[in-house]
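Subject: Handover of a structure and notes on it

Dear colleague,

I am passing on the structure below, together with an account of what was found in it. Please read the notes with the model open beside them.

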Amino acid sequence: MVCVSEYIILVMKIFTKEELIYRGSQRAAVALYSFWEEQRYDPRYRNEAGVHSRIFDALIPDVYIELNSKALGRGRKEHVVPCAYIRNLSFKMYHENASIDDVAKMISKLLKIAYITEDQRKKVDSIHKYSMPENWNWKTDSILERLVIAGVEVVNPKNSCDFVE
C-alpha cells in the first residue's frame, strides 16, 4: 500500500503543484456549473445554492490547498475563505455569465486551508463563520482577512512549492 506522501510525490512527477491545484479547481468549477445549470430556473434556489459547501472536500485534496501543516495544538482545519462563500460566489459568477475557467481561477485563489487552534477557530467563527468582512473584494483583498480580524496568524507557513514536509 502506498502512503499519501509517496502518492503525492508520484503524482508530482506527472503534474506540477500549480497544475494539480488548477485541476482540482477545474473539477470543482465543473461540478458547481452542473448544479447551477440544473437549479438556475428553480425559485427555491434564487438566493442560495442547492449543493453543500463541503463539495470542495470531495473534489480537491487538502494537501493541494494547505497554507501550513498540522502541529500539536494546531490541528483544526480552517478554510480561510469559507466554503459557503466560495460556493455562493461561484453561482453568482455563473449567473453573470462567467466561464468555468473564470470560476476555476477564483476557486484556486480563494480555496486555502490554515491549521489553527480550537480557540482560534471559535474566535474566527464568532465573527465570520460563513462570510467575509463587509466590502471585502475577492479580487484584490487578502484571503486571510477574516483570520486577521480575529487576531489569528497563520503559523509556520509552507513554502509555496511544498506539499509535504
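**Overall fold**

Of the contacts in the protein chain with a separation of 6 or more, 78% are between residues 24 or more positions apart. Please keep in mind throughout that this is a predicted model. The protein chain has eight helices and two strands, and the order in which they follow one another along the sequence is α-α-α-α-β-α-α-β-α-α. Buried residues account for 42% of the 165 residues in the protein chain, while its accessible surface comes to about 9,600 Å², with 53% of that surface belonging to carbon and sulfur atoms.

**The largest pocket**

The largest pocket has a volume of about 260 Å³. It is lined by 14 residues, of which Arg54, Glu78, His79, Lys129 and Tyr130 are the closest to its centre. Two elements give two or more residues to this lining, namely strand 1 (76–79) and helix 5 (83–95), and strand 1 gives the most, with four residues. Sorted by class, the lining consists of seven charged, four nonpolar and three polar residues.

**Helix 7 and its buried side**

Which residues of helix 7 are buried? They are Arg121, Val124, Asp125 and His128. These residues lie on the same side of helix 7, because the arc that they cover around the axis is only 95°. On the face turned away from that buried side, helix 7 carries the exposed residues Asp119 and Ser126. The buried residues of helix 7 pack against strand 1, strand 2 (113–116) and helix 8 (145–149).

Asp125, which lies in helix 7 (residues 118–128), may deserve a separate look in your viewer. Its relative accessible area is 15%, and Asp125 therefore counts as buried, the cut-off being under 20%. Leaving aside residues up to four places away in sequence, Asp125 touches Glu78 and Arg146; Glu78 is also among the residues closest to the centre of the largest pocket.

**Helix 8 and Ile149**

Ile149 lies in helix 8, and with a relative accessible area of 41% this residue is partly exposed. Although Ile149 and Val124 are 25 residues apart along the chain, their C-alpha atoms are separated by 8.0 Å. When residues up to four places away in sequence are not counted, Ile149 touches Ile127 and Pro133.

**Helix 6**

The buried residues of helix 6 (residues 100–110) are Val103, Ala104, Met106, Ile107, Ser108 and Leu110, and the elements against which they pack are helix 2 (17–39), helix 3 (55–59) and helix 5.

Whereas Leu110 is one of the buried residues of helix 6, Lys139 has 56% relative accessibility and so counts as exposed. The place of Lys139 is in the loop between helix 7 and helix 8.

Where does Asn97 sit, and where is Asn135 found? Asn97 has its place in the loop between helix 5 and helix 6, and Asn135 is found in the loop between helix 7 and helix 8, the loop that also holds Lys139. Asn97 has a positive phi of about 70° although it is not a glycine, and the phi of Asn135, likewise a residue other than glycine, is positive and near 70°. Is Asn97 buried or exposed? At 70% relative accessibility Asn97 counts as exposed, because the cut-off for that class is over 50%, and Asn135, at 71% relative accessibility, counts as exposed too.

With best regards

Conventions. Residues are numbered from 1 along each chain as its sequence is written. This is a predicted model: local features need pLDDT of at least 70, side-chain atom pairs count only at pLDDT 80 or more; totals for chains, interfaces and linings use all residues. Side-chain values use heavy atoms; hydrogens and water are left out. On a 1 Å grid over the protein atoms alone, a cavity is a set of points where a 1.4 Å probe fits but cannot get out, and a pocket is an open set with protein on both sides within 12 Å along at least five of seven lines; lining residues have an atom within 4 Å of a point. Grid points are joined across faces, edges and corners, and a volume is the space filled by probe spheres set on the points. Ala, Val, Leu, Ile, Met, Phe, Trp, Tyr, Cys and Pro count as nonpolar, Asp, Glu, Lys and Arg as charged, and the others, Gly among them, as polar. Buried means under 20% relative accessible area, exposed over 50%, partly exposed in between (1.4 Å probe, protein chains only). Contact means heavy atoms within 4.5 Å. Accessible areas come from the Shrake-Rupley method with a 1.4 Å probe; for residues, only the protein chains shown count as cover. The arc is that of the directions from the helix axis to the C-beta atoms.
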